[in-house]
Amino acid sequence: MAAEFNEESSSNKSTFICSNCGFECHYEYFGKTPPFSKSIVLLEDAYVIRDPFSSSAGHLTLGGQCFLCSGDVCVSQRCSIFYTKRFCIACVEGNMEDFPKEIQKEIQQKDIASN
């Protein structure tokens, strides 16, 4: 599903869709080392685009894949968290006891704020 960036595929943009909120956007690269951001190495395989707001060789991270369910999720705090790996909120809530107390508290606060 993920397309590696190269000169030929850069014109054939693929679409990232968040499995939680439905956010949809084209992406130019999936992986850890976007070729248009030479000095960047991401901590996870991520869907990225060139930063349209910067003239320098920057990037924007759209999202990644949940480590547990492999679903594509955006970086919105309502959709996923990054704690050593990317996790969708549904998997975090379903495995709450496996996360540190700080993460549990953060998720509980998000639940309260969204109600």
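**Figure 1. The whole chain at a glance.** Of the chain's 115 residues, 39% count as buried, meaning under 20% relative accessible area, with exposed set at over 50% and partly exposed in between (1.4 Å probe, protein chains only). This is a predicted model, so local features need pLDDT of at least 70 and side-chain atom pairs count only at pLDDT 80 or more, while totals for chains, interfaces and linings use all residues. Residues are numbered from 1 along each chain as its sequence is written, and side-chain values use heavy atoms, with hydrogens and water left out. Walking from the N terminus, you pass β-β-β-β-β-β-β-β-α-α; helices (H or I, at least four residues) and strands (E, at least two) are DSSP runs, numbered from the N terminus.

**Figure 2. Tyr27 and Tyr47, an aromatic pair.** Seven aromatic pairs turn up in the whole structure. In this one the ring centres of Tyr27 and Tyr47 sit 4.7 Å apart with their planes at 75°, so the pair is edge-to-face. Rings of Phe, Tyr and Trp (its six-membered ring) pair if their centres lie within 6.5 Å; planes under 30 degrees apart are stacked, over 60 edge-to-face, and the rest tilted. The pair ties together distant parts of the chain, with Tyr27 in strand S2 (residues 24-27) and Tyr47 in strand S4, 20 residues apart. Both Tyr27 and Tyr47 are buried. They also belong to one aromatic cluster with Phe16, Phe23 and Phe30.

**Figure 3. Ser37, tucked into a loop.** Look for Ser37 between strand S3 (29-31) and strand S4 (46-50). Is Ser37 buried or exposed? Ser37 is buried, because its relative accessible area is 2%. Leaving aside neighbours within four places in sequence, Ser37 is in contact (heavy atoms within 4.5 Å) with Ala57, Gly58 and His59.

**Figure 4. Cys69 and its cysteine contacts.** Cys69 lies in the loop between strand S5 (59-65) and strand S6 (72-74). At 45% relative accessibility, Cys69 is partly exposed. Which residues does Cys69 contact, leaving aside its neighbours within four places in sequence? They are Cys88 and Cys91. C-alpha to C-alpha, Cys69 and Cys88 are 8.1 Å apart in space, and 19 residues separate them in sequence.

**Figure 5. Residues lining the largest pocket.** Among the lining residues are Phe30, Lys32, Asp45, Cys66 and Arg86. A pocket here is an open set of points on a 1 Å grid over the protein atoms alone, where a 1.4 Å probe fits, with protein on both sides within 12 Å along at least five of seven lines; lining residues have an atom within 4 Å of a point.
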